[in-house]
Amino acid sequence: PVEPTLSKPDNNMGDILIAPGARSLSQVDVTGQKAIIENHIDKIVYNAEKDLSAQGGNATDVLRKVPLVAVDINGNVSLRGDQNIKVLINGKPSGAMSNNLADVLRSFPADQIKSIEVVTSPSAKYDAEGTGGIINIITKSSNISGVSGGISGGVGTRQNNGNANLSIKQNRLTVGGNFGGNFTWPQQTPTTFHSYNDSLMSTTDQNTVSRIKRYAYTGSGSLNYDFNNYNNINSNIRFNQGGFKTTGETMAHIFDPSTDYTYNTDNNTKTVFGGFDWDAGYTHKFKKEGHELSIDGEWSHSKTTVDYTTLYSAQYPSQLANNGGINNEYTAQLDYALPVSKAVKFEAGGKSIFRVISSNSNFFTQNSSGAFAFNPATSNNYDYNQDVYAGYSLFTFTLPKSWALQTGGRVENTQIDGKSSNVNLGLQPFNNSYTTFIPSLPVS
């Protein structure tokens, strides 16, 4: 007399001997087709896993196929022509995506992407950031019992990609891992510039050759456990590392009635970025389909260093600089969803974000002896803090004849302060606090 339920699905009955049985089936046909592009009330969904042409590359290649999204030759992403966007991973912000978006997207393998959501009209559920819209990258997860994995990659004249994933699912415990990377062949770009000022009778000619090398890799790990059909815990961590090095030479000639000189410039820039995003959450589902409560926490850490040297052959003093920045973001979030009826859904929640940012800029100027001396007049250390407290509520109405309506509001209180260590720059310490109300009313 064993009767498993959704709340108590387990019962240890020991060893049971059963007799084999067989039945012959003539044929079983299961067919289904999911559209590559889906339209929802507040977003467009591009199902990348259904598009075979999107495999083998990176996230930049996939985004080029998404409606309303454009990616230029340098990897800069825009939504309906606006680059002021916010990129999320599985609905959560990423510190890496906010600092080095173009390079991080190159390191994100396309084979990890299940779908991409383009939120053209963000509802009150989302942070009031990214006025151009939100791009949410949904990663793949395996529902296959046992051990499964895959390796993929691509080699080309522009770049090379690789990706490996492994998933272990035993009963209601799922553990997964993923690692992928991107390497770009060295690229050389020549530039010729000529200008003439008729009123000053001056001419400027410049010839520049720049070379760049890029690399980036990313990895992730996930743990998911279902206590039963109503309670679930999960934890995910994603790290990234990357950088690029640029070298170049410029030969310039400036001529006017009082001046005629030529100088050469050697530029060397090295940028390294990296960090991780770790989140953990608990979800409780009620007996009614879609009725649930979730609690999430996240720590996002990122670090970027930019070192460069500019050497002039004449006229100007050579310069050397070491710049670095560290960004830590802590998030706590509570969300509640209740389907009131088939036509009405209610959502509400709260969120707190704590951002701690520090940056340093150390400049050195070459003196007459050829040595580089620290320049205290332009160097600086800056500390910035931002705390955001938000709450929202939202109603979604499914209307007759394929119409849908959302209405809601979000209240955010923001507290910021900043402080510079170099008083010579004239940057005064400041702090501010303000509250904003953001209504939303998309109709589809």
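Which residues does R64 touch, not counting those up to four places away in sequence? I looked, and got V71 and D72, with contact meaning heavy atoms within 4.5 Å.

Ground rules first. I'm working on a predicted model, where local features need pLDDT of at least 70, side-chain atom pairs count only at pLDDT 80 or more, and totals for chains, interfaces and linings use all residues. Residues are numbered from 1 along each chain as its sequence is written, and side-chain values use heavy atoms, with hydrogens and water left out.

Back to R64. I find R64 in the loop between α1 (59-63) and β3 (69-71); helices (H or I, at least four residues) and strands (E, at least two) are DSSP runs, numbered from the N terminus. I also checked R64 against T189: 125 residues apart in sequence, 23 Å apart in space, C-alpha to C-alpha.

Next, cavities. I searched the whole structure and got two of 30 Å³ or more. A cavity here is a set of points on a 1 Å grid over the protein atoms alone where a 1.4 Å probe fits but cannot get out, and lining residues have an atom within 4 Å of a point. Volume is the space filled by probe spheres set on the points, joined across faces, edges and corners.

The largest cavity holds about 70 Å³. I see I89, M97, F108 and R238 among its lining residues, and β13 (231-256) gives the largest share, three residues.

The second largest cavity holds about 30 Å³. Its lining includes G56, P109, D111 and N161. There I note β10 (159-170) with the largest share, three residues.

Notes:
On a 1 Å grid over the protein atoms alone, a cavity is a set of points where a 1.4 Å probe fits but cannot get out, and a pocket is an open set with protein on both sides within 12 Å along at least five of seven lines; lining residues have an atom within 4 Å of a point.
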